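Please look over the sequence and the structure shown below, and then read the notes that follow, which take up the sheet and the interface in turn.

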Amino acid sequence: MLLRGTISNPLPSLHLKTPLRLRSYAPTATTITNKCSISDEDLESRGFLLRRTISNLNLDHLNSVFVAVGFPKRDPEKIKLALENTNSLLWVEHKKTQKPVAFARATGDNVFNAIIWDVVVDPSYQGIGLGKAVMERLVQELLKKGIVNIALYSEPRVLGFYRPLGFVADPDGIRGMVYSRKQKKRK
Amino acid sequence: MGPTYFVLYLDPWWTGPWKKIHFEKFFDSMGKFICLISLVICRGVFTLALYLRFLKENSTEVIEPSSTLTEEEEPLPEEFVLVEKTEPDGAIEQIVFSSGGEVDVYDLQALCDKVGWPRRPLSKLAAALKNSYMVVTLHSLRKSPGSEGNDQKKLIGMARATSDHAFNATIWDVLIDPSYQGQGLGKALIEKLIRALLQRDIGNITLFADSQVVEFYRNLGFEPDPEGIKGMFWYPKY
């Protein structure tokens, strides 16, 4: 009856300058800030701006990116509500068109767990590292908050996208499960 | 053969003038009369049951037990008694469900200790609860006879869900006091949590389950890896 999450051990002292890394093979939070595949400056020189708030984000444009990658079309009001209740989000703005071309967000309790949702890159801008840029920075931001349990649900065809970023599927036999009303009625 | 014989046997007693009948014969025939009536009634009930079943199977409408329909549609009260039992000494124990989210962090820490979870800082526990979209709890309320209102209240179960308030919710930290496990309380707790989330129009309810509890959640309506979608963790500590 227990859901196991990776629970961080209490830090020995509250006055640490750099967060203690508890897993020897994982990069530390400090090294990660310097370790992005493409730097912010690089992105800007290519005409892309990194944004971390929903101000200036046109939700209709975002919705069209969602639809372009195959998400079901969702009510913009609900999207607004979801974004307002999202702790961390990141998006890339194309300078020329001022439209969002990449997006990712993470919900959670802001302390122990975070789940990353809605990772999208406009099909016309895929393959140039925007998705990676957004993901790396989102994970960094979560680690900076002290959240070590970062999870997501990945479609089978993009497992290869998340693996190089440090994500492992079904670690230790843990399975991601989704509630299905049809399943319940079938019983 | 039986009934005919019986009627014949009864005939003189039933239609004839009242005579002084030997006691044994009287009770014997009464007994047989009662048996016959019972048989007729049973046969009638059996036939009726068959007929009703025939109707049910042949109707195009899905007839769900009415309690389930109204249960799902009725707004879930914030607090209610799930189970009540009377102990031999006359004390009453109630298991109370609450979605109000009022959890004493010390109680929660004690419960986490009971189930064997590693300790987490109290301040972080409190913050996690505060930042959760929904926190549901089970408390045991024990009223001793003659204790005059000094009820014993104990936290015996909890589950919480984080959410973006619109599309997705994820269930975390499901725990039931080991001495109350195996009674269906965990199942009830999650069922109520799911119902509350669905009533708030959160369509996507997810969770991550250890291999030993995948079956538990499957029985509650959860499906692992739907359409091949996999749960992934960032550098998990095995």
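Which residue in S6(B) is the bridge partner of A:Met177? In this predicted model, the partner of A:Met177 in S6(B) is B:Leu207. That bridge belongs to the pairing of strand S7 (residues 175-179) of chain A with strand S6 (residues 204-209) of chain B, which is antiparallel and spans four bridges.

**The sheet**

- Eight strands make up an open sheet with mixed pairing, and their order is S1(B)-S2(B)-S3(B)-S4(B)-S5(B)-S6(B)-S7(A)-S7(B).
- Because strand S1 (79-86) and strand S7 (222-224) of chain B each have a single partner strand, they stand at the edges, and one side of each has no neighbour in the sheet.
- From one strand to the next, the twist averages 25°.
- Within chain B, strand S4 (residues 152-163) and strand S5 (residues 168-176) run antiparallel and are joined by six bridges; B:Arg160, for instance, has B:Trp172 in S5(B) as its bridge partner.
- Helix H4 (residues 105-115) of chain B lies across S4 and S5 of chain B, and its direction is at about 90° to S4(B).

**The interface between the chains**

- In chain A, 68 residues are in contact with 68 residues of chain B, and the two chains bury about 6700 Å² between them, of which 62% is on carbon and sulfur atoms.
- Five salt bridges are counted between chain A and chain B, including one between A:Asp170 and B:Lys230, whose closest N and O atoms are 2.6 Å apart.
- On the side of chain A that touches chain B, strand S5 (residues 149-154) of chain A contributes the largest share, six residues, while the residues of that side divide into 35 nonpolar, 17 polar and 16 charged.

Definitions and conventions: Residues numbered from 1 in each chain as written. Chains lettered and ligands numbered in written order. Predicted model: local features only at pLDDT ≥ 70, side-chain atom pairs only at ≥ 80, totals over all residues. Heavy atoms only, no water. Pairing = 2+ DSSP bridges. Helix = DSSP H or I, 4+ residues; strand = E, 2+ residues; numbered from the N terminus. Axes fitted to C-alpha atoms, helices over the stretch in contact; angles between N-to-C directions. Contact = heavy atoms within 4.5 Å. Buried area = accessible area lost by both parts, 1.4 Å probe. Salt bridge = Lys/Arg side-chain N within 4 Å of Asp/Glu carboxyl O. Nonpolar A, V, L, I, M, F, W, Y, C, P; charged D, E, K, R; others polar.
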